[in-house]
Each structure stands twice: as C-alpha cells, then as structure tokens.
Amino acid sequence: MSGIPLGESPLAGNSLGGGNPGPESAPQVVSLGRMAWRRFLRNPFAVAGLIVLLFFVIAALFARFIAPFNPARIDLLAANLPLGSGAHILGTDELGRDIFSRLLYSSQVSLLVGFSVAFVSVFIGTLIGAVSGYFGGLIDTFFMRMVDVFNSVPLLFLNILMLAIFGSSFVLLICILAFTSWMGVARLVRGTFLQLRETQYVEAAKALGTSNWRIITYHMIRNATAPIIVNATLMIGGAILSEAALSFLGLGIQPPQTSWGQMLSNAQQYMLTDPLQAVYPGLCILVVVLAVNFIGDGIQSAIDPRRKVRRPRRRLGR
Amino acid sequence: MREYFLRRLLQSLLVLFLVSLVTFALIHSAPGGPVRIYLTPGLSQEAAKVQAHNLGLDQPIPIQYVRWLGDLLQGNFGYTFKNHIPVAKILWPTVGNTLILMGVAWFLSLIIAIPWGIYNSTREYCLSDQTAAVISYLGFAMPTFWFGILLQELFSLKLNWLPLSDMYTMGQARNILNLLPHLVLPVTVLTLGFLAAYVKYSRSSMLEVLFQDYIRTARAKGMPERRVVFRHALRNALIPIITVLGLDLPILVGGAALTESVFNWPGMGRLFVEMAMAREYSVLMAITLLTAVIVILGNFLADILYAIVDPRVQLAGRGGRSV
C-alpha cells in the first residue's frame, strides 16, 4: 500500500483501529476505497466485465421467470429443433429439452459454484495464511508443508479423486473445489503477515495487551484485504472452469440438474448432427470467466497503481 | 550449496511422505477400502478372510501403511477390482502416450512463446503485444475441452482434414505417419493453453530486467540495443523462466486429462478419468502418487537449478518460492 500518495492517512486510520478513513474524514480527503473505485471505473475492460457479470447474475436470479420452458422437461416430439424454432429460440437437444432454458438454469449453477467456492476457499486460505504468518515457527512449517502436499497433486486429479471417493452432490462439489484451492490465498496472506508482523502498529497493539486474535482479525487483515479481493475475484473464474470441466467429465453436476459443462459433454455426443449445440454453453463459460478476469485485473490495477506510475517512465525510455 | 541441496531434498522427501500418508488415508476412507482393491472378487466370505489375512489386510492400519509403501517402492501398485489386472500393466503404456502428446505441445509452445515474449517486451503495446495479450486472456478463460470440441467440429467433421480422435487410425500400421495427423488437434489445444501463460511470463520477466539500472548503463555507454537485449537482459530474464518450466513439469504428466478425454487419447489423464468413473481406487492411487513424485521432483529440480544460476537464493534461507 506504500505506493499510494496519501501521506499518513491510511496508517493513521489503522493505528486508531478505524481502518480506511470513513465518514469521520475531512471532506477533501478521498478514501482509499473510493480512489480505487474511481480508477476502476476508468478502466473500460473492467467496467465491461462488471456489466457482463451483472447481466449473467440477473439472468441467473430470474431464470425462473425468463426461461420459456422447464429445463428438464423432455419432449421427444420437439427433439433436435434447430436454431430459431418458434418458442425454442436456440432450438432443442436430442431429448427435446429447450437449450435456452437450460443455459439460463446452468448459469445459476456456474455462478453459485464460482462465488461460493471463491468465498469458502478465500476464508480457509486467509485463516491458514494469517495464523501461519502471524505465529510462524512450527505452526507455519506445518501449514506450509500442507500447502506443498496439496500443490503436489494436479488439482483436477485431486478433485476427480475426491469426487470418485465421496460421490458427487452440489454441496459436496463446492466443498471439494474450495478445499483444494485455498493454497494460493494462504501463501499470499502469509507473506503479507510476515511483513506486517514487524510493523510498529502491531507492536503497539501488542504492547497495549491486545489479544493475538484481535490483532489478526482487526488490525492486520485490513492491510491484506486488497490482494485477497483480487485473488478471490480470479478464483471465481477458476472455480467456474473447474466445475465445467468436472461436469463435462461426468463427475460434477448430475442430471436432472444442468450445467454448462454437462451440456457440453452432451453436445459432444451429437456434434455430427447438431454442431451448434456445443457452441452456446462454451461461449457462456468463456464470456463469464473473461468478465470475471477483467474485473479481477481491474481491481488489481486500481488498488496497485504502481504500474500506472511505471508506464510513463517506460515510454520515456523509448 | 550442499547444505541447501540437502535441506531441499529432506523437505521434498517429507512432502512425498505426507502425500503418501494422505493418499493412504483416502483409500481407507473410500467405501470398501483397500479390501475391495486387493481381494479377488467373487470369493466366499471364508476364502476372502483367508486372502485378507494373506495380504495382511487384517493387520493394524499403521502396519498396513508400511507394507503398502514397501509394495509401492517395489513397483507393486496393486490390482484392479474388475478382472484383477496388475495396475502397473495398464498404467505404464499410458504414461508414454501422455508424454508424447504433452512433450510435443510443450516444446512447440516454448519455441513460440519465449522469442515472442522477448520481442513483445522490447515493443510494449505494439500489435504483436496486443495479440499476445488477447491470446493469453482467451487461454486463461476458455474451457480447453470446448476449444477441442470446436476444433473437432470444424477440422474433422466439417472439413474432414484431420482425424476426429484416438492416437492411431485403426487397422493401419502404428507408425509416425499414422500418429502425426492425430496429434495436430490435441496439440493445438494444449499449445494454446501453454502459450497463454508462457508469452505473458517471458514478457514480464524481460520487462522486469529491462528497467534495471545496469541495462540503462549498458545503453548509456552506447551499446547497440540488440546486444543490450540479448547479452545483458536475456540472461537474467531466463532465470525465472527456467524455474517456471521446472514447476510446470507436472503438467506434462497430469495436465492433459481433459484434452485426452475429448480426443480419446489413451493417456494417463484419460485413464484417471475412466478409472474414477469405474471407482478403481488402486489405479487412482497409483496415478496420484506417480504424479506427486514427478511434481515434487520437478519442484526440487527447479529450486536447485535456481540456486545454481542465482546463488543469492541459498543465502536467503528457504527457497524463494515458498515464501
């Protein structure tokens, strides 16, 4: 955070326990969060990503009202309808299920998996990283070796293995994905905490007799929030891709529930007769993940303006 | 150096031991557990008991663990539940097939990505740099299996230029001429994935170096730009690139499960998926451990290599990456 030209205000806020300057700040002082938000809004890709994501979120929330058909309704008389067949806007699959409705309901699954996996794994990762970085010593060694263990098996294999052993349900899928993707955040938070541990405000808090738990959760986590948020955003995209992959392999979301990955594995079987069927679900995944990644990058450069400072220097060098 | 080497070696062995412990615990938490893996199916209860005793499955769990580890070290991965085939017999051929596929894709992406990244670093935000940025955004956001399906639909079903799937055409000699057309599509899919990461990485690694003071000094004394880039900058920029390559070694073995499934490539990843569907735990465990060994070895080699080219690492306590 040191690169932000705000003088002492963020530190002062923290040592008072107030965090980012809130309503008590003088009117001219712009809070860190607001500055970051302004920079974010100036980034066209990030804003486009946000709009697209909001669009999908709304579609998922109101799928029940938007979808013209029940996504699981089988109608063999209306099977394999092509694009633009009356009420079936995108046609139907081999069982006569409406593709557009299935896409809508799948967005619920993808977004729910994406957001909850990101939330849970960031929670686990932050907790482990914070405890390791703060206490160090044996606790740190233990958790870091655990990170190594998880990192030494390809994630997809680990997910498949756990799904094979424990069976697959929606909640279990989220748990398994979260349980196998907290390592990055843990390392990141640990690194930040190792630095913060030596700072004077932590020392001051300790001298005042503040409990370890409160120092971690109240004073230190605030200073690690920025990278955590960026990581969480990027993790949403990763989780959506993982869910799609596992469902594509037949191990994730099971029928009658539907997901984009599952639709793709279905479409692959009928790609000779209906090649378009494979296009839509993949396109949805691509667009959503792109949107989320754009948002993540946007937040990254909004809260870490160092790059902005460096860029003009580079141009001068040419 | 020796001390660093030993410390990293011990650390790697410890992690390997922990992985085996976790894997073993997973077997035992699986429904049916190891009894289902090792016993001949269809035995009467009496006979099963005898066989369980002979195999040591009635022993306390810690003893079973030690025996299981001993078996693994001797190359005995157990037997499949169905048909009772030795796991090693179905596993090893798939490892070779995966290495062919991944090796080609990896090599191809490296010889494209590294020069491209270097070029882009010297001309930031030029057309080629923007193209690379688009490719890396797509590569990170696109489901690889979807890309594979689209390629199949276009190049094998519609245009009929390339085979749809499998490693060899049935009924023809299994030689390289048969193999090559089958390689094109899966290699394209995998290369895009690698390319996305490597172009970005070699570019940023070069940029990191190009703005350091000694480069400015080299320019200031009138050295030609070409020499500055290739002589002075590239050497230091290659260090982190080499490390990443070492870290990516595991992808060579485990990263292709999806691509292999889409293209029906008889590799280890597809075997893993198939065996997961069939709940053949012994094969799953064997592949998990095998990949873990390769990953840990890759990390170890990357760290050692890094320490050789950049001696500061040894002094900084534990290897830079884990901090």
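Predicted model: local features only at pLDDT ≥ 70, side-chain atom pairs only at ≥ 80, totals over all residues.

Q: Why is α12(B) described as largely enclosed by the rest of the structure?

A: A residue is buried if 20 or more other C-beta atoms lie within 10 Å of its own. In α12(B), 8 of the 10 residues are buried, so the helix is largely enclosed by the rest of the structure.

Q: What takes a positive phi just after α12(B)?

A: Most residues other than glycine have a negative phi. Just after α12(B), B:Arg279 has a positive phi of about 55°.

Q: Which residue with a positive phi follows α4(B)?

A: B:Gly75 follows α4(B), and its phi is near 85°.

Q: Where is B:Asn160 found, and is it buried or exposed?

A: B:Asn160 is found in the loop between α7 and α8 (176-210) of chain B. Its phi is positive, about 60°, although it is not a glycine. B:Asn160 is exposed, with 9 other C-beta atoms within 10 Å.

Q: What is phi of B:Asn264, and where is this residue found?

A: B:Asn264 is found in the loop between α11 and α12 of chain B. Its phi is near 55°, a positive value in a residue other than glycine. B:Asn264 is partly exposed, with 14 other C-beta atoms within 10 Å.

Q: Which peptide bond in chain A is cis?

A: As a general point, most peptide bonds are trans. The bond from A:Pro255 to A:Pro256 is cis, with omega near 10°. A:Pro256 is found in the loop between α11 (212-248) and α12 (260-269) of chain A.

Q: How many helices and strands does each chain have?

A: Chain A comes to 14 helices and 0 strands. Chain B has 14 helices and 0 strands. Buried residues make up 43% of the 318 residues of chain A and 37% of the 323 residues in chain B.

Q: What do contacts between residues at least 6 apart in sequence show about each chain?

A: The figure to read is the share of these contacts that join residues at least 24 apart: 70% in chain A and 69% in chain B.

Q: How is the crossing of α5(A) and α11(A) read?

A: One reads the approach of the axes, their angle and the handedness. The axes of helix α5 (residues 99-135) of chain A and α11(A) come within 7 Å and cross at roughly 145°. The crossing is right-handed. The residues of this contact divide into 16 nonpolar, 6 polar and 1 charged.

Q: Which residues meet in the contact between α5(A) and α11(A)?

A: An α-helix has 3.6 residues a turn, so residues three or four places apart point the same way. Among the residues of α5(A) in the contact are A:Ser110, A:Gly114, A:Val117, A:Ser121 and A:Ala130. From α11(A), the residues include A:Ile221, A:Ile228, A:Ala232, A:Met235 and A:Ala239.

Q: How is chain B divided into domains?

A: Chain B is divided into domain 1 (2-73) and domain 2 (91-316). Their contact takes 13 residues from domain 1 of chain B and 13 residues from domain 2 of chain B. On the side of domain 1, the largest share, 10 residues, comes from α1(B). The residues of that side of domain 1 divide into 9 nonpolar, 3 polar and 1 charged.

Q: How many residues of chain B are in contact with chain A?

A: Here 41 residues of chain B are in contact with 35 residues of chain A.

Key:
Residues numbered from 1 in each chain as written. Chains lettered and ligands numbered in written order. Helix = DSSP H or I, 4+ residues; strand = E, 2+ residues; numbered from the N terminus. Buried ≥ 20, exposed ≤ 12 C-beta atoms within 10 Å, placed from the backbone. Contact = placed C-beta atoms within 7 Å. Axes fitted to C-alpha atoms, helices over the stretch in contact; angles between N-to-C directions. Left-handed = near helix turned anticlockwise from the far one by under 90°. Nonpolar A, V, L, I, M, F, W, Y, C, P; charged D, E, K, R; others polar. Domains from an automatic or database assignment.
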